[in-house]
Amino acid sequence: MKKRFSAFAAALVLAVLLVLPFSVDTAEAADLDYIHSYDITVTPLQSDGSLYIQVHLVWEVLDEGPVKWVQVGIPNGSIRRTEALSDNISNLNFDNSYMRVDFDRGYDDGEIIDFRYAWEQEYMYTLDEGEVSYDYTPGWFDEAEIGSMSITWMENPALPTPIMLYRGSGDVTEVPTEHGVRYESYNLGHGDKLNVCACYDSWPTELFWENSSENLPNDYEDDYDPYDNSYIYEGLIRLFVTLFIIIFIERVFSGRRSYRGGFGTRYVFVHGLWYPAGRDGKPRPGSVGTRTKPKPSSSGFGGGRRGGGFGGSGFGGGSHCACASSCACACACACAGGGRAGCSAKNLYGAVQLSKKLTEELQK
């Protein structure tokens, strides 16, 4: 009887280990990449309130090259056009969370990729009794450090001078320029962000509420819950199923055989899509969701992706912005809420109607 109970206890411990997130506090793995500089230039377009965003990245490959593509977070998938600004970019693709940048060749360890691209971003402004506000957080990097980062908000002669608010994970410096204002931050660690708010008290052309950030197609911003606990319920179901299987095996084989299991990639189901789970049980940074749950890898542990965090216009924790006027107050409320880790669109086939073939290509 004791022997049977010991076998069952050992099987129970193994079952618990199988359903819990697998994490071992060992020395932190070395970064695969280092970003020397990350510069963003934003120009508001008078015609419809969309933003023309230019990105310049100087990216060094440290390990596991060659690197043929990277992905960087975007605010949402409502993009009017993309534009490669450097000759080493062969293609630009996007879903609702990331811009994928394909290069004309693979870059090996120790090589530096200097590349630039741009796009027109829709659904970025909010309207409040004639006032127009923007709250923008560029995609960040949870698995790479950044030497320097800057956001330049360009002036438009046709627009009034905006009230600007800014915040960042470290010290942020405001630098006036000839055609706008630049915000600079240095030595950003994993997951560090830079955020700007711009508020205009009037706009020379009519902007429509239907095209504001509150009306993102398919509501894929509003229904995203970063604290979704669906993975907990999945774990409980797995626990009960595993216990049932173990009890059955224990009864049939009477402890003559031991149950063997392997640790593989865990997946969480968030708003209709399956994502690889991170250590915190939430979708792994840099991952892309799929409609069907991927089959377990035969090799056990899954690989990573080179890419940035979710795109901007999300909320963040930390210090509050100053409040200089009613317009500034509205913007400050938007950028000092607390908790959101950026905007992530969970419906890959929503705003931009990606084809299944293109989505599968982005996931390679």
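This is a predicted model: local features need pLDDT of at least 70, side-chain atom pairs count only at pLDDT 80 or more; totals for chains, interfaces and linings use all residues.
Asp63 sits in the loop that connects strand 2, residues 51-61, with strand 3, residues 67-73. Together with Glu64, Asp108 and Asp109, Asp63 forms a patch of negative charge on the surface.

Side chains of opposite charge can pair when their charged atoms come close. How many salt bridges does a search of the whole structure find? The search finds eight, and I shall discuss three of them.

The first topic is Glu122 and Arg80. Their side chains meet in a salt bridge, with an N to O distance of 2.9 Å. Glu122 is in the loop between strand 7, residues 112-121, and strand 8, residues 125-128. Arg80 belongs to strand 4, residues 79-84.

Next comes the salt bridge between Glu120 and Arg81, whose closest N and O atoms are 2.8 Å apart. Glu120 is in strand 7 and Arg81 in strand 4, so this pair ties together parts of the chain that are 39 residues apart in sequence. Arg81, at 38%, is partly exposed.

These contacts belong to something wider. Salt bridges with shared partners join Asp48, Arg80, Arg81, Glu83, Glu120 and Glu122 into one network.

The remaining pair I wish to mention is Asp102 with Arg100. Their side chains form a salt bridge at 3.0 Å, N to O, and both residues are buried. Asp102 also has a place in the strand pairing: in strand 6, Asp102 is the bridge partner of Asn91. Strand 5, residues 89-94, and strand 6, residues 98-107, run antiparallel and are joined by five bridges. These two strands form a hairpin, with three residues between them.

With strand 2 the arrangement is antiparallel, and 11 bridges join the two. With strand 10, residues 145-154, the arrangement is parallel, and there are eight bridges. Which residues partner Ile35 in these two strands? In strand 2 the bridge partner of Ile35 is Trp59, and in strand 10 the partner is Ile146.

Strand 1 and strand 2 also form a hairpin, here with six residues between them. Gly49 lies in the loop between these strands, and within the turn Gly49 has a positive phi of about 80°. The relative accessible area of Gly49 is 0%, and Gly49 is therefore buried.

Gly49 brings us back to Glu122. The two residues are 73 positions apart along the chain, yet their C-alpha atoms are separated by 7.8 Å. Glu122 is also the residue whose side chain meets Arg80 in a salt bridge.

Methods:
Residues are numbered from 1 along each chain as its sequence is written. Side-chain values use heavy atoms; hydrogens and water are left out. Patches are made of residues with over 30% relative accessible area and no salt bridge: like charges are joined within 9 Å, nonpolar side chains (Val, Leu, Ile, Met, Phe, Trp, Tyr) within 5 Å. Accessible areas come from the Shrake-Rupley method with a 1.4 Å probe; for residues, only the protein chains shown count as cover. A salt bridge is a side-chain nitrogen of Lys or Arg within 4 Å of a carboxyl oxygen of Asp or Glu. Lys and Arg count as positive and Asp and Glu as negative; His and the chain ends are not counted. The place of a charge is taken as NZ of Lys, CZ of Arg, CG of Asp or CD of Glu. Helices (H or I, at least four residues) and strands (E, at least two) are DSSP runs, numbered from the N terminus. Buried means under 20% relative accessible area, exposed over 50%, partly exposed in between (1.4 Å probe, protein chains only). Two strands pair if DSSP finds at least two bridges between them.
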